[in-house]
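This briefing concerns the structure shown below.

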Amino acid sequence: MTFDPPAQAVLSAHSAKRGAISLSGITRIFAGSIAAVDHIDLDIHPGEFFTLLGPSGCGKTTLLRMIAGFEAPDDGRILISGREMQDVPAHKRAVNTVFQSYALFPHLNVEQNIGFGLRMRGIKNPERKKRVDAIMEMMQIGDFAKRSATQLSGGQRQRVALARALVNEPEVVLLDEPLSALDAKLRAELQIELLRMQKRLGMTFIFVTHDQHEALVMSDRIGVMSKGKIQQVGPVLDVYEKPKNVFVAEFLGLSNIWPFTPTGPHTAQTPLGELTIAAPLNGSGLAMIRPEKIWIYNDTAVPKDQTNLFMGVVREAIYMGASTQYRIELANGQSVLAFDTNNQAAERSWRPGEPVAVELKPDNIMQIEP
Amino acid sequence: MIPRGVRYALSGISWPVYVLLYTPLALVAYYSFSPAPNSTGHSLHAYNILLHDGAVGAALQRSLILAFGSAITSTVLGTLLGYGLCRFRNANAKGFLAHMPSLIIYTPIIMPSLVFGISELIFFNFVHNATGFLSAGLGTMVIAHITFQVPYVALTVFARLSGLDPYLFEASYDLYANGVKSFFYLIVPVVQPAIIGGFLLGITLSIDDFTISFFTSGPGSVTLPIYIYGAIARKGISPEINALGTLMIGTIIALALVHFFITRHRERAGQLAARGKIA
């Protein structure tokens with residue numbers, strides 16, 4: 001495919017930066033309320049799958065709408081492919097949006113919906129049809145090209161909405177919770193399909209979601225948002241494994257969090273007792289460990305001479321198919337949340353009331369901010 | 001479930017109502033076929049006279065000019081008004097302010113046409129005395145008819161647009177359409193049934209209108225309803241008037257049917273669009 005962004009957008013040849021987005025000091029305050037988006041600085045790299053993750057009302061959609069040009073920031077600068085966007089209206093930006101409601105045009109059929117952007121840019125028919133047909137084949141929606149947009153199933157509409165954005169070969173594709181209206185199975189399929197499409201086309205995707213699982217599956221990098229601010233930006237693995245603060249730790253998954261006071265370079269006093277922590281300790285703070293990083297032993301097979309080993313009793317066991325979630329109450333009354341995979345269900349499963357031992361490996365304990 | 005007895009009673013009542021509604025119309029049609037002078041049996045005599053009556057022809061012509069002139073103009077203005085009220089309404093408005101657009105549109109519709117007609121008369125007189133423009137005639141009638149048709153068109157367009165997914169507008173901007181292109185490639189096609197329906201409604205309202213026409217017409221702008229009124233006042237109800245009435249009934253019924261089918265089509269399309277929305 002050849003690139004053909006709208007003529008107005010090609011003002012200078014920043015080809016190296018094509019698809020890069022740079023936000024600095026972006027602020028948006030809705031009348032009579034607190035800032036929906038509060039001084040956000042963010043760089044999104046060309047060709048990456050970037051996810052804005054956060055609870056509803058955190059400002060992620062507002063941020064996306066400002067990149068698309070539907071809303072103007074009250075302060076700050078937006079650069080798309082190195083170009084200042086302040087005076088560029090939405091219809092002149094080389095970005096395309098996939099809306100949560102899909103917003104397919106009810107008076108047009110699938111083919112015409114997909115070709116709408118090309119038609120508005122004045123691309124005439126042999127060329128337009130060729131490009132529409134190519135994208136429909138790629139998305140496997142050619143079979144219902146002539147069908148009205150109102151006669152499609154949820155998954156089909158999602159594909160058409162994506163095709164309608166991709167056919168324009170935009171520098172950036174913006175996706176506003178595009179999968180949230182679909183059932184779980186279709187959703188999982190489309191996540192993979194979307195990801196495959198993005199890698200194949202090499203376009204920058206900015207994906208907005210409140211679903212941490214979706215964010216983990218799809219993204220190269222994640223920006224976790226809360227109350228109009230970016231809490232943490234980083235590769236998926238970093239954000240999950242090394243969350244910066246309590247909000248990020250809890251939003252991305254279950255976690256055990258305890259306050260600690262250091263008693264040595266690698267030891268700290270916590271409500272559990274004394275813990276050895278591999279990472280260098282930086283004053284007192286919070287210690288976090290993911291439940292799947294906690295090892296559970298039968299009380300008869302407790303390894304000798306291990307650090308961070310605590311005896312306790314299973315209080316709760318929630319079977320979840322591939323794994324089981326346990327709440328284990330330690331001798332001093334503290335609870336520990338732990339996951340165990342059900343790969344040897346018979347030997348390695350515990351019922352409430354059974355005595356066990358848990359081990360928190362020093363490497364897996366992270367220091368986080370409140 | 002309605003008991004069978006009640007159902008029968010209700011359908012029993014409905015027939016006299018239908019008779020009451022349509023008998024007068026049928027009578028007009030019946031008398032229009034009255035016998036020619038010095039002969040017996042039904043005839044098309046009254047229609048023949050009507051056909052060769054220059055005054056009727058001129059009045060019909062004026063009525064049609066008035067109807068089409070005002071309906072076309074008010075369709076354009078009403079569409080723009082409906083679009084503007086929907087598109088640029090304040091999303092944060094609450095209570096009374098949130099209903100402002102609908103109130104602005106509804107008020108002229110519920111205003112008694114007598115009041116409307118007199119106020120138009122006063123207004124045109126005022127403007128005429130002050131500037132010399134707008135002397136009573138077909139021109140002032142067209143303006144008056146536009147003013148009472150615009151709300152109907154605006155209302156149908158407004159209703160259609162406010163039922164749409166608001167993200168459609170943004171989607172069109174996102175896909176490189178500026179405001180003008182978005183209007184012609186998205187808004188107009190989507191509200192087209194409402195526009196056509198509004199136009200036809202405007203024509204029927206205009207042809208039908210007597211009160212407002214009466215107050216705003218001038219000496220040289222006698223339209224059909226005014227002609228009929230004058231003819232009855234002079235010499236009572238003649239077979240020619242009945243023939244004229246029959247022709248008007250036929251035309252209005254035809255237009256109403258066209259309007260009905262278009263509205264039904266629009267509703268069906270609207271239902272499909274609604275089904276297309278996410279839950």
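A:N256 stands opposite A:I289 of strand β14(A). The two strands concerned, β11 (residues 256-262) and β14 (residues 285-289) of chain A, run antiparallel and are joined by five bridges. The model is a predicted one, in which local features need pLDDT of at least 70 and side-chain atom pairs count only at pLDDT 80 or more, while totals for chains, interfaces and linings use all residues. Residues are numbered from 1 along each chain as its sequence is written, and chains are lettered from A and ligands numbered from 1 in the order in which they are written.

**Chain A overall**

- Chain A has eight helices and 20 strands; helices (H or I, at least four residues) and strands (E, at least two) are DSSP runs, numbered from the N terminus.
- The C-alpha trace of chain A spans about 75 × 45 × 40 Å along its principal axes.
- Of the 370 residues of chain A, 41% count as buried; a residue is buried if 20 or more other C-beta atoms lie within 10 Å of its own, exposed if 12 or fewer, and partly exposed in between, with C-beta atoms placed from the backbone.
- Among contacts in chain A between residues at least 6 apart in sequence, 65% join residues at least 24 apart; a contact requires C-beta atoms, placed from the backbone, within 7 Å.

**Sheets of chain A**

- Strands β11 and β14 belong to an open sheet of five strands with antiparallel pairing, in the order β13-β12-β11-β14-β20 (chain A); two strands pair if DSSP finds at least two bridges between them.
- At the edges of this sheet are β13 (273-276) and β20 (366-368) of chain A, each pairing on one side only.
- Neighbouring strands of this sheet are turned by 45° against each other on average, direction ignored; axes are lines fitted to C-alpha atoms, for helices over the stretch in contact, and angles run from 0 to 180 degrees between N-to-C directions.
- Another open sheet, of four strands, has the order β2-β1-β4-β5 (chain A) and antiparallel pairing.
- Its edge strands are β2 (35-44) and β5 (83-84) of chain A, each pairing on one side only.
- Within that sheet, β1 (residues 21-29) and β4 (residues 75-80) of chain A pair in the antiparallel sense over five bridges, and A:L23 stands opposite A:I78 in β4(A).
- Helix α1(A) packs on the sheet and touches β1, β2 and β4 of chain A, its direction making about 120° with that of β1(A).

**Residue A:R315**

- A:R315 is found in strand β16 (residues 309-319) of chain A.
- A:R315 is partly exposed because 13 other C-beta atoms lie within 10 Å.
- Not counting residues up to four places away in sequence, A:R315 touches A:R327, A:I328, A:E329 and A:P352.

**Domains of chain A**

- Chain A is assigned domain 1 (7-248) and domain 2 (254-368); the bounds come from an automatic or database domain assignment.
- The C-alpha centres of domain 1 and domain 2 of chain A lie 40 Å apart.
- Five residues of domain 1 of chain A are in contact with five residues of domain 2 of chain A.
- On the side of domain 1 that touches domain 2, the residues divide into two nonpolar, one polar and two charged; Ala, Val, Leu, Ile, Met, Phe, Trp, Tyr, Cys and Pro count as nonpolar, Asp, Glu, Lys and Arg as charged, and the others, Gly among them, as polar.

**Nonpolar cores**

- The largest nonpolar core has 135 residues, and those with the most contacts inside it are A:I67, A:A163 and A:I206; such a core is a set of buried Ala, Val, Leu, Ile, Met, Phe, Trp, Tyr and Cys residues joined through C-beta atoms within 7 Å.
- Helix α6 (residues 138-162) of chain B gives the most to this core, with 13 residues.
- Domain 1 (7-248) and domain 2 (254-368) of chain A both give residues to this core, so it lies between them.
- Leaving aside neighbours within four places in sequence, A:I67 is in contact with A:I21, A:I78, A:V95, A:L174 and A:I206.
- A second, separate core of eleven residues includes B:A46, B:L50, B:V56 and B:L244.

- Helix α7 (residues 167-174) of chain B is largely enclosed by the rest of the structure, because seven of its eight residues are buried.
- The buried residues of α7(B) pack against α1 (60-68) and β6 (95-98) of chain A together with α8 (179-208) of chain B.
- Just after α7(B), B:Y176 takes a positive phi of about 70°.
- The contact takes 21 residues from chain A and 22 residues from chain B.
- On the side of chain A that touches chain B, the largest share, three residues, comes from α2(A).
- The residues of that side divide into 13 nonpolar, seven polar and one charged.

Conventions:
Two residues are in contact if their C-beta atoms, placed from the backbone, lie within 7 Å.
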